[in-house]
Amino acid sequence: MKLIENWKQAWKLKSVQVGALSAFFYALILFSEQFLNVWNVIPQELKNKIPENWAEWIGMFVGVAMVLARLKKQPELHPEINQFVAITAGHSNSDPGAVNGQFKEAELVTQFRNAVSYYLRQAGVEHKMDGIGSTNLNLNAALKLIKGSSVAVEFHMNAASSTQANGIETISLPKDKKLAQDLSKAVASVFGSRLRGDNGWIDQSKSARGRLAFVSNGGLIVELGFISNPTELKTFNDKYWMAAKAVADVLIAYEKART
């Protein structure tokens with residue numbers, strides 16, 4: 001590498017001075033906290049021995065470092081705000097879930113997911129799904145979406161040996177009880193269904209299904225009625241767009257309250 005002529009006098013150049021000043025403040029920003037930690041452990045007796053002509057400059061340096069340390073992002077005080085809602089459809093294209101005649105749970109909940117997505121998109125709410133259109137990816141894809149989401153909701157339909165079994169429920173961890181109840185009420189109000197469990201909430205620990213991977217990882221599972229009940233199945237097919245809007249409204253309100 002060949003240096004410029006009179007490189008020893010380069011410090012007089014404005015570009016060098018500006019660059020050095022920028023580097024100094026960049027280093028100060030990076031190491032402001034470390035500097036303050038060291039400064040705070042220096043005994044006061046030693047600080048008192050600092051020459052007066054240096055004291056003013058060091059005092060200014062410490063003051064700037066304190067300001068920068070306060071302004072620096074501190075993850076433990078300001079955790080990352082998640083930026084999207086995850087909505088997924090239960091089962092997958094290779095796993096139909098519960099079936100009643102020509103109707104397959106995986107296909108019905110995929111339609112519902114897409115309808116919720118439509119209303120979230122209309123409201124400008126950032127969201128991600130486990131597939132587009134008729135695509136319904138498997139559980140592993142849904143689980144990946146939970147990480148980084150502000151809330152993750154998966155849609156299913158219940159099934160029972162009795163065609164009379166009915167009602168809406170949302171399974172979640174206790175921390176999401178209120179949101180689970182709100183989601184169940186939104187669906188039930190459109191379908192005219194009853195609420196199961198605790199006002200629409202089922203604690204996973206009390207669920208007949210036991211531990212569910214989606215819920216254990218922080219998601220909520222909304223059961224949109226019983227596919228095995230002819231009346232509830234017909235109501236779903238007739239009104240799922242309205243129910244999807246009601247669910248989207250709950251998620252939109254949740255996001256607004258969070259931010």
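This is a predicted model: local features need pLDDT of at least 70, side-chain atom pairs count only at pLDDT 80 or more; totals for chains, interfaces and linings use all residues.
Trainee: Which element gives the most residues to the largest nonpolar core?

Mentor: That core has 40 residues, and Phe112, Val116, Leu120, Phe155, Leu183, Leu224 and Leu251 touch the most other members. Strand 1, helix 4, strand 5, helix 6, strand 8 and helix 8 each supply at least two residues. The top giver, with eleven residues, is helix 8.

Trainee: What is Leu120 in contact with, leaving aside its neighbours within four places in sequence?

Mentor: Leu120 is one of the core residues that touch the most other members. With those neighbours left aside, its contacts are Val85, Ile87, Val125, His127, Ala248, Leu251 and Ile252.

Trainee: How many residues are in the second, separate core?

Mentor: Among its members are Phe84, Ala142, Leu145 and Ile202. The count for this second core is twelve.

Trainee: Now the largest pocket: which element gives the most to its lining?

Mentor: The pocket has a volume of about 270 Å³. Of its 23 lining residues, Gly90, His91, Glu154, His156 and Ile221 are the closest to the centre. Helix 5, strand 5, helix 7 and strand 8 each give two or more residues to the lining. The one that gives the most, with four residues, is strand 5.

Trainee: How many residues of that lining are nonpolar?

Mentor: The lining also holds six polar and six charged residues. The nonpolar ones come to eleven.

Trainee: On to the rings. Are the planes of Tyr118 and Trp241 stacked or edge-to-face?

Mentor: Their centres are 5.8 Å apart. The planes sit at 80°, and over 60 is the cut-off for this label. So the Tyr118 and Trp241 pair is edge-to-face.

Trainee: How many residues apart in sequence are the parts that this pair ties together?

Mentor: Tyr118 lies in helix 4, while Trp241 lies in helix 8. So the pair ties together parts whose separation in sequence is 123 residues.

Trainee: Last one: is Lys178 buried or exposed?

Mentor: Lys178 lies in helix 6. The cut-off for exposed is over 50% relative accessible area. Lys178 has 54% relative accessibility, so it counts as exposed.

How values were computed
Residues are numbered from 1 along each chain as its sequence is written. Side-chain values use heavy atoms; hydrogens and water are left out. A nonpolar core is a set of buried Ala, Val, Leu, Ile, Met, Phe, Trp, Tyr and Cys residues joined through side-chain atoms within 4.5 Å. Buried means under 20% relative accessible area, exposed over 50%, partly exposed in between (1.4 Å probe, protein chains only). Contact means heavy atoms within 4.5 Å. On a 1 Å grid over the protein atoms alone, a cavity is a set of points where a 1.4 Å probe fits but cannot get out, and a pocket is an open set with protein on both sides within 12 Å along at least five of seven lines; lining residues have an atom within 4 Å of a point. Grid points are joined across faces, edges and corners, and a volume is the space filled by probe spheres set on the points. Ala, Val, Leu, Ile, Met, Phe, Trp, Tyr, Cys and Pro count as nonpolar, Asp, Glu, Lys and Arg as charged, and the others, Gly among them, as polar. Rings of Phe, Tyr and Trp (its six-membered ring) pair if their centres lie within 6.5 Å; planes under 30 degrees apart count as stacked, over 60 as edge-to-face and the rest as tilted.
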